[in-house]
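Open your viewer and follow along. Each stop tells you what to select and what is there.

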Amino acid sequence: MNSPLNSDSAHWDAVYQKHGNAAGLPAGVSWYRPHLERSLHWIEQLTAGDTAARIIDVGTGESTLADDLLARGYHALTLLDLSATALAHLRAGLRRDLAVLPAPVCHGGPAM
């Protein structure tokens, strides 16, 4: 039986297989931005510049957020995504080893 999580993973793998970039160049998806300035600003504000702060990027895709955080000295990063393809592309482009994990997401129905 195909669970909703497997369906979601397959969908995102297909998106990144078609539009992603294994060479670490910008993904060919409409939501790609070269730098996530707003996210970077919020992270710097919320961590008060503590580069040892633990940060998790849920739904990381092929984002440049990890690279930008590494460039600012942050190092306790965990990157999650449903797409193993996106994570493989992301891992290939990173300058160091980070925790890059397939997202173990619970998929439930609406709250009652």
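Predicted model: local features only at pLDDT ≥ 70, side-chain atom pairs only at ≥ 80, totals over all residues.

Residues are numbered from 1 along each chain as its sequence is written, and side-chain values use heavy atoms, without hydrogens and water.

Next, switch to cartoon view. Find 4 helices and 3 strands; helices (H or I, at least four residues) and strands (E, at least two) are DSSP runs, numbered from the N terminus. Walk from the N terminus and the order reads α-α-β-α-β-α-β.

Now colour by pLDDT, the predictor's confidence in each residue, from 0 to 100. The chain averages 78, and 73% of the residues score at least 70. Which element has the highest confidence? Select residues 37-46: helix α2 has a mean of 96. Strand β3, residues 99-102, is lowest, at 66.

Move on to residues 105-112. Their pLDDT stays under 50. The model gives them 5 contacts (heavy atoms within 4.5 Å) beyond four places in sequence.

Back to the whole chain. Take contacts between residues at least 6 apart in sequence: 50% of them join residues at least 24 apart.
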